[in-house]
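I am opening a notebook page on this chain and want to set down, step by step, what I looked up in it.

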Amino acid sequence: MKIKENIISAINNCSDTSILNQIYNDTLKRNDNLQKSYNDWTNQQTGEVFDLHMRSMMYEDLFDDMCMAKYSKMGKYLDTPQGSLKEDTYYLSIDAHYYKFIVTETTENGETDIFERTIKINPQFVDDKNIILHEMIHAHEHILSLVNPLLKETLIIELYKHLFPKFKDLDCIIYNHANISHNSDLAELGGYHGLLFMLKSLDLDFRCGNEPFTIFGYDYNRTFTELNLI
Ligand SMILES: [Zn+2]
């Protein structure tokens, strides 16, 4: 189905102002509001937030696959007859989607709100790269969903293939993590951490020279060590 063409055609043929207003308020205005609050945020940053923002921009290189960089493990999906994704990766960055860092007391170490586009970091973790990367995975997962959920599915496959030689028991780790009951309990505790999240967190641990599951958290390093899986 040609969704884009159908929407454009429907708008062109619509003469009902109330419907057009509704479309504007639901979609375009929301984007305008997000852009405005992002601009206000960049203009009013404290030194601490500015520093955090700059570091997050440097960390974006670690998300080359989630930004669909041509040189990344996802690059091959750009070279398809159907491919129409832009070649620059900025449009998939957290800045391009108006994500704002806020240093504030939170119940968790950090919290990502995909509706408000905020990443809250507890003051005691403002210099903690692992906490920041954890929250950035949440934001990037959301951005991929906005572009095309297929990107998340293909990235799961690519990360799995990439990580498989590094973990002798990757399948068993996945069985444990994706156990329905366990994952529901985990979601109650700290929000949704699906398979893509777990695999990307392991990839980042490797890239940063961490112990496995440092970025994932939730005591997974101890749990999987005790199970003799890592
Ligand atoms: Zn999380």
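Predicted model: local features only at pLDDT ≥ 70, side-chain atom pairs only at ≥ 80, totals over all residues.

Entry on the overall layout. I looked up the secondary structure of the protein chain and found nine helices and three strands, which follow the order α-α-α-β-β-β-α-α-α-α-α-α from the N terminus on. The C-alpha trace spans about 65 × 45 × 35 Å along its principal axes. Of the 230 residues in the chain, 23% are buried. I then looked at contacts between residues at least 6 apart in sequence, and 52% of these join residues at least 24 apart.

Entry on the strands. I asked myself which way strand 2 and strand 3 run. Strand 2, residues 110-113, is joined to strand 3 by four bridges, and the two run antiparallel. In the hairpin that they form there are four residues between the strands, and Arg117 takes a positive phi near 60 degrees. Strand 1, residues 100-103, is also joined by four bridges to strand 3, residues 118-121, but this pair runs parallel.

Entry on helix 2. I followed helix 2 over residues 17-43 and found a kink of about 40 degrees, centred on Asn25. How many of its 27 residues are buried? The count is zero, and I therefore write that helix 2 is hardly covered, given that a buried residue needs 20 or more other C-beta atoms within 10 Å of its own.

Entry on the core. The largest nonpolar core has 34 residues, and Met66, Leu133, Met136, Ala139 and Leu155 are the ones that touch the most other members. Among the elements that each supply at least two residues of this core are strand 3, helix 4 (129-147), helix 5 (149-163), helix 8 (195-208) and helix 9 (220-226). Which element gives the largest share? I found that helix 4 does, with seven residues. I finally looked up the surroundings of Met136 and, leaving aside its neighbours within four places in sequence, found it in contact with Ser56, Tyr59, Phe63 and Ile94.

Methods
Residues numbered from 1 in each chain as written. Pairing = 2+ DSSP bridges. Buried ≥ 20, exposed ≤ 12 C-beta atoms within 10 Å, placed from the backbone. Contact = placed C-beta atoms within 7 Å. Bend = angle between axes of the 7 residues up to and from the residue. Core = buried A, V, L, I, M, F, W, Y, C linked by C-beta atoms within 7 Å.
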